[in-house]
Amino acid sequence: MTSPETESLYLQPGRNLALELVRATEAAAIRAVPYIGRGDKLAADGAAVDAMRAFLGTVNFDGVVVIGEGEKDEAPMLFNGERVGNGRGPACDIAVDPIDGTSLTAAGRQNALSVIAVSDRGSMLDASSVFYMDKIVTGPEGVGVVDIRQPVAENIRALAKAKGVSVADITVAVLDRPRHEGLIEEIRQAGAGTRLMLDGDVAGGINAARYETRIDMCIGVGGSPEGIVTACAVKALGGLIQGRLYPQTDEERQRGIDAGLKMDYVYEANELVNSDNTFFVATGVTDGGLVAGVRRLGPIIRTESVVLRSKSGTIRRVIADHQAEKWLS
């Protein structure tokens, strides 16, 4: 008979869960490989979804998809609200993106990832009713220094001072979209450099929070689901993330209000994910600054993944060699 303390630990996501989840992102990444550069992002995403869902069904946890492929009638698998896992083990919220960067995959470009984020049940903000979110992400130096409510030039100067570098040494990642033309100009006028991303702002945010990259800040409007996923990773890295919902129409704004979301409000990290036990797992589909993409090396398929956990503050890299014949049958 287990003690209450042991039972409580069993009901919380533990370290072994991360190593089980990485099998699901590895599978999704491998199955997406035949579609890299083929121009068919829907086929790539479909293959990755099928593979991820199959592996998640074997994982020892009781997961509810808070951020998935969409509503049930739009996405037959890994939809918002779907139960995943074998039902045994900890109760979790789960966010999935079988391919973050389907357009990147279809075009054969860098930085496509297969991603899963997990936290305690009921801790993830469900922002699915508002598609876009204005976000800012930095590393630990930005905590208490940078604020999304400040002008971008002021944030750049404050971050440069906190890091002990000149403004000219600061690089800001931004999605390359027409909506960001003014923002990009502000960054450059402030004296900082830009790193324009074609897609994949999850990788951009994580690289901004990591100490070993050339990106110091990631800002701009991207997907709300990606904001929640990024928050799970940033909490493990000790960085800063803030988000402000960005509805496109009055109808979308009202849907968000009806769902209990706050408009014109800055969500802090602990409001995006109200848990100190978050997991973030990503496997590279194509090469990028966070992880290498899937590689075929003779009889093996090599994957590289990153596993982050906020409770322990650890970052692990997992390089796995898979027998190709097991995947080609």
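The legends below describe close-up views of a predicted model. Residues are numbered from 1 along each chain as its sequence is written, and side-chain values use heavy atoms, with hydrogens and water left out. Because the model is predicted, local features need pLDDT of at least 70 and side-chain atom pairs count only at pLDDT 80 or more, while totals for chains, interfaces and linings use all residues.

**View 1. An open sheet of six strands.** The strands of this sheet follow the order β7-β6-β8-β5-β9-β10, with mixed pairing; here strands (E, at least two residues) and helices (H or I, at least four residues) are DSSP runs numbered from the N terminus, and two strands pair if DSSP finds at least two bridges between them. Strands β7 (193-197) and β10 (267-268) stand at the edges with a single partner strand each, so one side of each has no neighbour in the sheet. Within the sheet, β5 (residues 132-138) and β9 (residues 240-245) run antiparallel and are joined by six bridges, and Val137 stands opposite Ile241 in β9.

View 2. Helix α6 (residues 181-190) touches β6 (171-175), β7 and β8 (217-223), where contact means heavy atoms within 4.5 Å. The direction of α6 makes about 155° with that of β7; such angles run from 0 to 180 degrees between N-to-C directions, and the axes are lines fitted to C-alpha atoms, for helices over the stretch in contact. Helix α8 (residues 224-237) also packs on the sheet, touching β5, β8 and β9, and its direction makes about 25° with that of β5.

View 3. Side chains of opposite charge can pair when their charged atoms come close. A salt bridge is counted when a side-chain nitrogen of Lys or Arg lies within 4 Å of a carboxyl oxygen of Asp or Glu, and a search of the whole structure finds 15 of them. In the pair of Asp264 and Arg253, the closest N and O atoms are 2.6 Å apart. Asp264 lies in the loop between α9 (250-258) and β10, and Arg253 in helix α9, so the pair ties together parts that are eleven residues apart in sequence. Asp264 counts as exposed at 62% relative accessibility, whereas Arg253 counts as partly exposed at 30% (buried is under 20% relative accessible area, exposed over 50%, partly exposed in between, with a 1.4 Å probe and protein chains only).

View 4. Arg317 forms a salt bridge with Glu304, and their closest N and O atoms are 3.2 Å apart. Since Arg317 lies in strand β14 and Glu304 in strand β13, the pair ties together parts that are 13 residues apart in sequence. Arg317 is partly exposed at 38%, but Glu304 is buried at 17%.

View 5. Thr25 is found in helix α2 (residues 15-32) and is buried, with a relative accessible area of 0%. The side chain of Thr25 makes a polar contact with the side chain of Thr283 at 2.7 Å; a polar contact is a pair of N or O atoms within 3.5 Å, and within protein one must be able to donate a hydrogen and the other to accept it, while residues adjacent in sequence count only if both atoms are side-chain atoms. Not counting residues up to four places away in sequence, Thr25 touches several residues, including Met52, Ser114 and Val281.
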